[in-house]
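Have the sequence at hand while reading.

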Amino acid sequence: MKTEGRPQPAAQLSSSNPTTSASLQKHSNSDAVDTRYQEGTGQGGEPQDTTTDPQGRITTNHGVPISDNQNSLKAGTRGPTLLEDFVLREKIFHFDHERIPERIVHARGSGAHGTFTVTRAIPELTRAALFRKKGNSCDVFVRFSTVAGSKGSKDTPRDVRGFATKFYTEEGNWDLVANNMAPFFIQDAIKFPDIVHAVKPEADRMMPQAASAHDTFWDFVSLVPETQAMIMWLMSDRALPRSFRMMEGFGVHTFHLINDRDEVSFVKFHWKPRLGMQSTLWDEAVKISGADPDFLRRDLWESIDKGDYPEWDLGIQVFDEKFAARQPYDVLDATKIIPEEDVPIQFIGTLQLNRNPDNFFAETEQVAFLPTNVPPGIGFSNDPLLQGRLFSYMDTQKSRLGTTNFHQIPINAPRCPMHNFNRDGLMQTQVPKGRANYEPNSLGEAGEPSGPRADARGGYRTLSRMTELGNEPTEKLRVRPERFADHFTQARQFYLSQTPVEQAHIVSALIFELSKCELKHIRIRQLSQLRNIDEDLAQRVANGLAMDLPPAAPAAKPAVKVPPSDALSIIKQSKHSSKGRKLGILVTDGADGNTVEALRSAATAQGATVMVVCPKVGGPVLASGRQMEADALLDGAPSVIFDGVAVVASAAGAAELARNKAAIDWVSDAFAHLKAIAATPEAQVLLQKANVEPDAFVLEAGSPDSLVAKLGDRNWDREATIWPAR
Ligand code: HDD
C-alpha cells in the first residue's frame with residue numbers, strides 16, 4: 001500500500017526533517033540564485049525567475065512540489081519500489097545524464113568573471129566600439145586551462161596553459177582564445193589532430209595522464225621540426241606557472257585591426273600579469289600535484305574570494321606589411337613570435353578578475369570560446385593555423401554542448417541585442433514571434449514585424465582587399481610557404497635568451513622527458529633536432545642521458561644568429577614582489593605569539609597571505625597560554641604550497657618537530673625549492689635535521705621584513721648545491 005501523503009512513522013520523519021529546514025533557509029535567500037540571465041531574453045513579457053519558490057519548496061523539474069525527498073515510493077515499508085514514482089525516476093534520470101563530453105583539449109580548467117577597461121583608445125587602428133574611448137569597459141569571462149590532461153587531472157603538469165577571454169562587448173562577443181606561450185607547435189591546422197593524439201595518453205594503454213613525457217609525443221615532435229621552437233617554451237619554466245595570476249598570455253596569431261577608413265594593421269595580442277611572472281621548480285610541481293591537485297584553481301578562487309583581484313594589462317604589437325616583409329620569418333607562421341625588442345608592446349587595457357563563478361558547470365564548463373567571435377574592427381590574417389581554428393571551435397561545441405543553440409546558454413549569450421533568422425534546433429529557448437523567419441521579406445508593408453536587416457555600414461565587414469603577404473589568390477595548392485621554413489632560429493633565440501639557471505631547467509626537462517621515452521630511436525632523433533638549435537644544449541642533454549650525440553637532423557634552413565630577447569626570460573622579467581605570494585608559518589605549543597603576529601603583519605602589509613600550520617589542527621597553545629587558531633594541519637599543508645616558510649617553535653616543540661618526518665620534509669623541501677626560510681633560535685634543531693645550510697635566504701624569524709621581501713624570489717645560487725649540475 002502506498003504511504004505517500006499519509007502520516008509517517010517517526011523514523012521516516014526524522015530522516016527527512018533536518019534537511020528540510022536547511023533547504024528552506026537556503027532557498028528563501030533571494031541572493032542564492034542569479035536572475036540576471038533571465039532578463040532580456042527576447043521572449044517578450046516580464047522576465048520571470050522560475051528557479052526559486054517563494055515558499056522554499058523543492059519541486060520536480062516540471063514544478064510539482066515534492067513532499068518527501070528522502071524515501072522512494074514503495075509497495076509496503078520494505079518494497080518493491082514502484083515504477084510510478086516519478087520523483088525518483090526524474091531525479092535518477094537527470095543524474096544519469098549530468099556529465100557532458102569533456103573538451104578534446106584544454107579539458108581541465110577554471111574560470112572567473114571580471115571587467116576589461118580600456119586604458120588607451122585606439123580608433124586610429126580599429127573601429128571596434130570597445131576601443132573607441134579610454135575608460136570604456138565590458139564584462140569578461142576568463143577560463144584558464146591545461147591542455148593535455150583530462151578534466152579530473154591535476155593543475156601542475158608540465159604543459160601549456162590556456163588563457164581564453166570572452167569580452168561581452170556592445171557589438172557582440174570577442175573571444176581572445178590565447179595560451180601562456182607565444183608560439184604554437186604547428187604551422188597548419190591540418191596537423192592539430194596529430195599533435196593532440198600524440199600528446200594525449202597513448203591509445204592502447206591510456207597512459208600517461210597529463211604528461212608529454214612519453215614515446216608518441218616525442219616521436220611526433222622530433223619528426224616535425226616546426227614544433228621545436230615551442231618545445232623550448234614547453235621545456236622551460238613557462239610550463240610550470242606558480243599561479244594563473246603570474247603568467248603571461250598570447251593571442252599567438254597575427255590578427256588584423258581595421259579602422260573606419262578600412263585601413264588594416266597587423267597585430268599580436270599580449271597579456272602581462274600585474275604580479276609579474278613566476279614559476280615553480282619541477283620537483284615542486286610534482287609534489288604539489290600530490291599535495292593539492294587543485295593548486296592553481298584554488299589560488300585563483302581564493303584570491304578573488306578575498307578581494308585580491310588578479311589583473312593583467314592587455315598589450316598589442318602593431319606592425320604593417322612593410323615591417324612584415326622585412327622579417328626573416330613569416331608573420332602568418334604561428335610557430336614564430338615577434339620579439340618585443342623589435343616591436344614594442346603598447347598597452348591598451350586592463351583586465352581584472354573580480355567574481356568567482358556561481359556554478360562551475362553552468363559557467364566554466366559550458367563556456368564556449370570561438371576564435372570566430374570578433375567584433376567589427378578585428379579580423380583574421382591568413383595564418384593557416386588560425387583559419388583551421390575558425391572552423392574547429394564552432395564545430396566542437398556541437399558535440400560537447402549538444403546543440404547549435406549553445407550560444408543561448410547564459411555564459412555564452414551576448415550581452416547586447418541578438419537578432420537573426422536562425423531558428424529552432426535542439427534546446428531552443430527563445431520564442432520568436434510572428435512569421436518573419438526569412439529575408440528579404442515585405443511583411444512590414446502589411447504592418448507585420450519583418451525582423452532584422454543587415455547593416456552595411458556598422459555591421460562586420462571582411463577586408464575586401466587581398467594585399468596581404470602570401471595572399472595572392474592564384475592556384476589552389478597544398479603547400480607550405482617557403483618563408484615558413486626556418487624552424488630553428490627562434491628556438492635558438494629562446495634558449496639563448498634565458499639565464500643560465502633557466503637554461504639548466506630546460507636541459508633537465510629534456511633529460512627527464514626523453515628518459516621516459518622507451519624507444520631509443522626517438523631519443524636519438526630528438527637529440528639530432530637539438531643540435532640544430534644549440535650544440536651546447538644538445539651536448540648537455542646527451543650527457544644527462546649518457547648517450548652519444550647523433551648527427552644533426554637535416555634542416556630545411558639552418559638557424560641564423562639573432563639577438564637574444566630579455567622579454568623571453570621569466571627571471572630577467574621578475575618584479576621581485578611579495579604581493580599575491582603565500583607565507584607558511586609552522587607554530588608549535590609554547591611558541592612566542594608575538595613573533596608569529598609580527599610575521600603575519602609584515603606579510604599582509606606587502607599583499608601576501610599567511611597560513612599558520614600546526615602539528616595539531618586545533619592550534620598551538622602559545623607561551624602566553626593563549627590557543628592560536630591554526631589554518632592547516634602540518635601533514636595537509638606541505639611547504640610546496642608556500643612561497644616562503646617560517647618555523648616559530650619552543651625548545652620542546654622544536655625537539656618534537658625534529659622527530660617528525662612531515663616537519664623535516666617541510667623544511668628540507670622549502671630549502672630544496674630554493675625558498676626563504678626563517679626560524680626562531682629554538683627551531684634551529686629542526687633546520688639542522690633538515691640539512692639546511694646557511695645562506696642569504698636562511699633567516700631569523702625575528703626579522704620578518706627580510707623574509708617577506710624574499711617571497712617573490714628564489715635563491716638561485718642555492719640550486720647548484722642541491723640539484724645535479726646539468
Ligand atoms: Fe585550441 C580549445 C587555445 C590551436 C581546436 N584552444 C582551446 C582552448 C584554448 C585554446 C585556450 C580552451 C578554451 C576553453 O577554455 O574553453 N588553440 C589555442 C591556441 C591555439 C590553438 C592559442 C593556437 C594558436 N585549437 C588550435 C587548433 C585547433 C584547435 C589549430 C584545431 C584545428 N581548441 C580546439 C578545440 C577546443 C580548443 C578542439 C577544445 C574545446 C574547445 O575548442 O572549445 O576546438
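The second largest pocket has a volume of about 1000 Å³. A pocket is found on a 1 Å grid over the protein atoms alone, as an open set of points with protein on both sides within 12 Å along at least five of seven lines, and a lining residue has an atom within 4 Å of a point. Grid points are joined across faces, edges and corners, and a volume is the space filled by probe spheres set on the points. The model is predicted: local features need pLDDT of at least 70 and side-chain atom pairs count only at pLDDT 80 or more, while totals for chains, interfaces and linings use all residues. Residues are numbered from 1 along each chain as its sequence is written, and side-chain values use heavy atoms, with hydrogens and water left out.

**Second largest pocket**

- The lining of this pocket comprises 47 residues, and those nearest its centre are Val105, His106, Phe192, Val196 and Tyr393.
- At least two lining residues each come from strand 2 (137–146), strand 3 (161–169), strand 4 (172–179), helix 3 and helix 10; helices (H or I, at least four residues) and strands (E, at least two) are DSSP runs, numbered from the N terminus.
- Helix 10 gives the most to this lining, with ten residues.
- The lining has 29 nonpolar, eleven polar and seven charged residues. Here Ala, Val, Leu, Ile, Met, Phe, Trp, Tyr, Cys and Pro count as nonpolar, Asp, Glu, Lys and Arg as charged, and the others, Gly among them, as polar.

**Iron contact**

- Tyr393 (OH) is the only protein donor of the iron atom of the ligand, at 1.8 Å. Donors are N, O and S atoms within 2.8 Å of the metal (3.2 Å for Na, K and Ca); water is not among the atoms, so sites may look incomplete.
- Tyr393 belongs to helix 10 (residues 384–401), and Tyr393 is also among the residues nearest the centre of the second largest pocket.

**Cavities**

- There are six cavities of 30 Å³ or more, a cavity being a set of grid points where a 1.4 Å probe fits but cannot get out.
- The largest cavity holds about 140 Å³ of space. Its lining has 18 residues, and Ala182, Phe250, His270, Ile337 and Ile338 are the closest to its centre.
- Strand 7 (residues 264–273) supplies the largest share of that lining, three residues. By class, the lining of the largest cavity has ten nonpolar, three polar and five charged residues.
- The second largest cavity has a volume of about 70 Å³. Among the residues lining the second largest cavity are Trp174, Asp175, Phe255, Leu386 and Arg389.
- Strand 4 and helix 10 are the elements that give two or more residues to the lining of the second largest cavity, and strand 4 gives the most, with four residues.
- The lining of the second largest cavity has eight nonpolar, one polar and two charged residues.

**Helix packing**

- Helix 3 (residues 192–199) packs against helix 4 (residues 215–223) at an angle of about 145°, with their axes 7 Å apart. Axes are lines fitted to C-alpha atoms, for helices over the stretch in contact, and angles run from 0 to 180 degrees between N-to-C directions.
- Asp194, Ile195, Ala198 and Val199 of helix 3 meet Thr216, Phe217, Phe220 and Val221 of helix 4, where contact means heavy atoms within 4.5 Å.
- This contact has six nonpolar, one polar and one charged residues.

- Six strands form an open sheet with parallel pairing, in the order 13-12-11-14-15-16; two strands pair if DSSP finds at least two bridges between them.
- Strand 13 (632–633) and strand 16 (698–700) are at the edges with a single partner strand each, so one side of each has no neighbour in the sheet.
- Strand 12 (residues 609–614) and strand 13 run parallel and are joined by two bridges; Val613 has Ala632 in strand 13 as its bridge partner.
- Helix 15 (residues 593–605) lies across strand 11 (582–587), strand 12 and strand 14 (644–648), and runs at about 175° to strand 11.

**Backbone details**

- The peptide bond from Met207 to Pro208 is cis, with omega near -10°, and Pro208 lies in the loop between helix 3 and helix 4.
- Met206, in the loop between helix 3 and helix 4, has a positive phi of about 55° although it is not a glycine.
- The peptide bond from Glu439 to Pro440 is cis, with omega near 10°; Pro440 is in the loop between helix 10 and helix 11 (489–496).
- His106 has a positive phi, near 60°, and is a residue other than glycine; His106 is in the loop between helix 2 (86–96) and strand 1 (109–118).
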